[in-house]
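Please walk through this structure with the text below as a guide. It starts with one contact and then widens the view.

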Amino acid sequence: MALENIRLEVMKTVEKSIDAYVDKYLIPVEEIWQPTDLLPNSQDEGFFEEVRQIREEATELGYDFWVVLVADMVTEEALPTYESWLMDMEGVEQHGQQKGLQNGWAKWIRHWTGEENRHGDTLNKYLYLSGRVNMKEVEKTTQYLINDGFDIGTGRDPYRNFVYTSFQELATNISHKRVGQLAKKKGNKMLAKMCNIIAGDEMRHHLAYREFVKTIFEYDPSEMMLAFEDMMKKKIVMPAQFIRESGQGIGEAFENFSNAAQRLGVYTTQDYIEILQKLNEYWEIDKMTSLTDQAEKARDYLMKLPDRMTRIAERIKVPQDPHQFAWVAPNGTL
């Protein structure tokens, strides 16, 4: 049987349990939090007083912090790109909603997108109310990112896509959680709560995607191992790798944003290495049997990769001079 056919069979097998995954890892619309639960309610009498408090608390947060928060928000706002990419995976069929026709994978992707969409809404409104960033420049960056699309090196292969999402969801959990911790240290309880709750969503999503991969390993271990190796050789780069400001080329802002995140300790090379170690351990790749010779070599590569990356990371120096973004004024004010 051709590799593509085996993949489709595996996808159909895992799809039979998709409702159980939705119930376990996603939350119904009527039960989950919404942005208004975390932000000042514009229908309340105390709205303007709450906004004033947001603006006062925001003055305590530094330049790199705002750069990272903007980039995190823009990444979340580019969800239309991510949904369309995942909906094009092999094994996903965009049936309508008629009874009995909806493809299980399409259901998962739509429900996952619905949850993720709230993150950008929340952070966007917060940034707007804070008065600390140039919202028009931020909005241009968001539109550019959606216009430019993205390429995470997975093609239409579900195995590679699920490696990517398993990794990336944990990375965003770490980033949002650390931003929340920094906000809390500066006395900004509202923003800290937002970031922590968003981080909780990302963790649930990570647990789901890593479970998809674990199940695929049971049915097609060699091909899943090769897909894992391929993605780690390409490197897992966040969806906003093509992020740019107005007047820039595609991706020009990404390295400067990454440096800001490293300086803050929000997301570092060491975090990347630790995520890989956690995935290796959870998927128990060291205990896999019945692998092809090529997959055995792939497993050896993946087992040695964390130590190899650690040695490389020790030699990397992060620039300490902040890049001047159009999103944020040098002193964090406009």
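**A guided tour**

R244 and D148 join their side chains in a salt bridge, at 2.8 Å from N to O. R244 sits in the loop between α11 (221-234) and α12 (254-264), and D148 in helix α8 (residues 135-148), so the pair ties together parts that are 96 residues apart in sequence. A salt bridge here is a side-chain nitrogen of Lys or Arg within 4 Å of a carboxyl oxygen of Asp or Glu. Side chains of opposite charge can pair when their charged atoms come close. R244 counts as buried, at 14% relative accessibility. D148 counts as partly exposed, at 23%. Buried means under 20% relative accessible area, exposed over 50%, and partly exposed in between (1.4 Å probe, protein chains only).

This is a predicted model, where local features need pLDDT of at least 70 and side-chain atom pairs count only at pLDDT 80 or more, while totals for chains, interfaces and linings use all residues. Residues are numbered from 1 along each chain as its sequence is written, and side-chain values use heavy atoms, with hydrogens and water left out.

Now step back to the whole chain. The protein chain has 14 helices and zero strands. Both kinds of element are DSSP runs, numbered from the N terminus: helices are H or I with at least four residues, strands are E with at least two. The C-alpha atoms fill a box of roughly 65 × 55 × 35 Å along the principal axes. The radius of gyration is 21 Å, which agrees with the value near 20 Å that a compact globule of 334 residues would have. That radius is taken over C-alpha atoms, and the globule rule is 2.2 Å times the number of residues to the power 0.38. Buried residues make up 52% of the 334 residues. Among contacts between residues at least 6 apart in sequence, 82% join residues at least 24 apart. Contact means heavy atoms within 4.5 Å.

Return to the charged pairs. How many salt bridges are there by this rule? The count comes to 20. One of them joins the side chains of R52 and E56, at 2.2 Å from N to O. R52 and E56 are four residues apart in helix α4 (residues 47-58), which means about one helical turn separates them. R52 is partly exposed, at 37% relative accessibility. E56 is also partly exposed, at 46%. Another salt bridge links D157 with R160, whose closest N and O atoms are 2.5 Å apart. D157 is buried, with a relative accessible area of 9%. D157 and R160 also belong to a network of salt bridges with R7, E223, D230 and K234.

Helices α2 (18-25) and α7 (104-130) each supply at least two residues of the lining. α7 gives the most, with five.

Helix α2 also contains D19. D19 is partly exposed, at 42% relative accessibility. D19 and W108 are 89 residues apart in sequence, yet 8.3 Å apart in space, C-alpha to C-alpha.
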